[in-house]
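Please open the model in your viewer and keep the sequence beside it, so that each selection can be found in both. The tour goes from one selection to the next.

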Amino acid sequence: MNQQHPHHPHDPNRPTWPPGGYGPPPQPPKKTTVGKVVGLGCAGVIGLVVLIGVIAVAAGGDGDKDDRTTSSAPATVPDVGRTADDLPEPDDAKAASSVTLKARKASFSKSILASDADYTSVLVTLTNNGDEPLDVNPLFFSITDTDGTKHTHELAVDEQQIDTVTLAPGENISGTVTGKATFTPKYVTFTNGFLGDSYRANVS
């Protein structure tokens, strides 16, 4: 037996889909909620901040590498805990310690080679404190007076003139150094070999 479907009269105002009345009805469009939009926006901002931070760290690391300098020079170590005896001795101090010069006033002892001019003599004592032989010559000496005038030695005019010798380490010699004219001697200077180190002693 055939089942009969109820017949609905055609309503001209009732829409049909698709035209002709065939096929499933259309699905309603999906609605995007405000929460989803806000969530996606926040995630994008956070991702952008993280990306900027990574770039900044990378740039900073490169800058640190560029600012580094490499030096092969050894670092200077301060002399902490070292006494004065441990520190290197300056060259001029070494030179001064290698020779001891003393000077004092002395009477002029006229030799047969002296003229009738006036002379002033100083008695000097020279000691070789170094490790090498020291050459001594009367012409290596000069006298400076209290007015600042320098007097060269007058050779062989004083009988007590200092000799021309070579002092071994530890040896010393005494003798007079004489300048022409009458003056008040202030100090005596000995120059090792004319052009070598100079040593000075005040006249006492």
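How many bridges join strand E4 to strand E8? Bear in mind that this is a predicted model, and select residues 141-145 for strand E4 together with residues 185-191 for strand E8: these two strands run antiparallel and are joined by 5 bridges. Within this pairing, Phe141 stands opposite Phe190 of E8.

Now turn to the aromatic rings, of which a search of the whole structure finds 4 pairs. Select Phe108 and Tyr119, whose ring centres are 5.0 Å apart and whose planes stand at 25°, so that this pair is stacked. Phe108 lies in the loop between strand E1 and strand E2, and Tyr119 in strand E2, so the pair ties together parts that are 11 residues apart in sequence. Tyr119 is buried, with a relative accessible area of 11%, while Phe108 counts as partly exposed at 26%.

Then select Phe140 and Phe190, where the centres are 6.1 Å apart and the planes at 55°, so this pair is tilted. It links the loop between E3 and E4 with strand E8, 50 residues apart, and both Phe140 and Phe190 are buried.

Finally, show the surface and select Leu139, Leu155, Phe194 and Leu195, which make a nonpolar patch of about 480 Å².

How values were computed. Residues numbered from 1 in each chain as written. Predicted model: local features only at pLDDT ≥ 70, side-chain atom pairs only at ≥ 80, totals over all residues. Heavy atoms only, no water. Pairing = 2+ DSSP bridges. Helix = DSSP H or I, 4+ residues; strand = E, 2+ residues; numbered from the N terminus. Patch = residues over 30% accessible without salt bridge, like charges linked within 9 Å, V, L, I, M, F, W, Y side chains within 5 Å. Areas by Shrake-Rupley, 256 points an atom, 1.4 Å probe, with all protein chains shown as cover. Salt bridge = Lys/Arg side-chain N within 4 Å of Asp/Glu carboxyl O. Phe/Tyr/Trp six-rings, centres within 6.5 Å; stacked < 30°, edge-to-face > 60°. Buried < 20%, exposed > 50% of the residue type's maximum accessible area, 1.4 Å probe, protein only.
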